Amino acid sequence: MKNKSLYIAICLIFALTMTTAVSAQDESNVLGDWYGKLTAGGNSLAIVFHINKDKEGNLKAKMDSPDQGSFGIGVNKVTFKDSKLVLEVSIVNGKYVGRLGENEIKGTWHQGGRKIPLNMSRKAPPGPKRPQN
């Protein structure tokens, strides 16, 4: 009986360790800079999310809207679980919900009762074309 209890305890510890390792690995996959274009009504806006961790290891993020000259917009809440990313940006009453794939996040921007597709990539878009001298 004692051996069976020890075996069960070891299995539980192993399972918890593996769950924590997978969770941490998943979080590391979402860290970094993500670029996308928000298109609505014939207009498009570049959107950038910068996702990292604070000193305690919690996810945090900032948002840029370079076409509007807005940088470092605070993301109030960041959640990432089972490949689903949620970024809440209360200052603009917006929220991004997406699913992490391989090198992309396919998702939707929610704001003012509207839902607009917004897919994010790690690849920065090319900068503006400048005339050659």
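What percentage of the 133 residues of the protein count as buried? Of the 133 residues, 25% count as buried, where buried means under 20% relative accessible area, exposed means over 50%, and partly exposed lies in between (1.4 Å probe, protein chains only).

## Basis of the model

This is a predicted model, in which local features need pLDDT of at least 70 and side-chain atom pairs count only at pLDDT 80 or more, while totals for chains, interfaces and linings use all residues. Residues are numbered from 1 along each chain as its sequence is written, and side-chain values use heavy atoms, with hydrogens and water left out.

## Overall architecture

The protein contains one helix and ten strands, where helices (H or I, at least four residues) and strands (E, at least two) are DSSP runs numbered from the N terminus. Along the sequence the pattern reads α-β-β-β-β-β-β-β-β-β-β.

The accessible surface amounts to about 9,400 Å², and 54% of this surface belongs to carbon and sulfur atoms; the areas come from the Shrake-Rupley method with a 1.4 Å probe, and for residues only the protein chains shown count as cover. Among contacts with a separation of 6 or more, 27% are accounted for by residues 24 or more positions apart, a contact being heavy atoms within 4.5 Å.

## Salt bridges

Side chains of opposite charge can pair when their charged atoms come close. The structure holds three salt bridges, each defined as a side-chain nitrogen of Lys or Arg within 4 Å of a carboxyl oxygen of Asp or Glu. One of them joins glutamate 27 to lysine 53, with the closest N and O atoms 3.0 Å apart. This pair links distant parts of the chain, since glutamate 27 is in helix α1 and lysine 53 in strand β2 (residues 43-53), 26 residues apart. Helix α1 itself covers residues 2-30. Glutamate 27 is buried, with a relative accessible area of 18%, whereas lysine 53 is partly exposed at 34%. Setting aside residues up to four places away in sequence, glutamate 27 touches Lys53, Gly57, Leu59 and Phe80.

Aspartate 67 and lysine 37 also meet through their side chains in a salt bridge, at 3.8 Å from N to O. Here too the pair links distant parts of the chain: aspartate 67 lies in the loop between β3 (59-65) and β4 (70-74), and lysine 37 in strand β1 (residues 32-40), 30 residues apart. Aspartate 67 is partly exposed, with a relative accessible area of 47%, and lysine 37 counts as partly exposed at 45%. A further salt bridge is formed by glutamate 104 and lysine 106, whose closest N and O atoms are 3.9 Å apart. Glutamate 104 counts as partly exposed, with 31% relative accessibility.

## Positive surface patch

Lys84, Lys95, Arg99 and Lys115 form a positive surface patch. Patches are made of residues with over 30% relative accessible area and no salt bridge, with like charges joined within 9 Å and nonpolar side chains (Val, Leu, Ile, Met, Phe, Trp, Tyr) within 5 Å. Lys and Arg count as positive and Asp and Glu as negative, while His and the chain ends are not counted. The place of a charge is taken as NZ of Lys, CZ of Arg, CG of Asp or CD of Glu.

Lysine 115 is exposed, with a relative accessible area of 63%.

## Valine 97 and its surroundings

Valine 97 is placed in strand β7 and counts as partly exposed at 22% relative accessibility. The C-alpha atoms of valine 97 and lysine 84 are 7.3 Å apart in space, although the two residues are 13 apart in sequence. Apart from neighbours within four places in sequence, valine 97 is in contact with Lys84, Leu85, Val86, Lys106, Gly107, Thr108 and His110.

## Positive phi angles

Most residues other than glycine have a negative phi. Serine 83, however, has a phi near 70 degrees, a positive value in a residue other than glycine. Serine 83 lies in the loop between β5 (77-81) and β6 (84-89) and counts as partly exposed, with 24% relative accessibility.

Asparagine 93 likewise has a positive phi, near 55 degrees. The location of asparagine 93 is the loop between β6 and β7 (94-100), and at 59% relative accessibility asparagine 93 counts as exposed.
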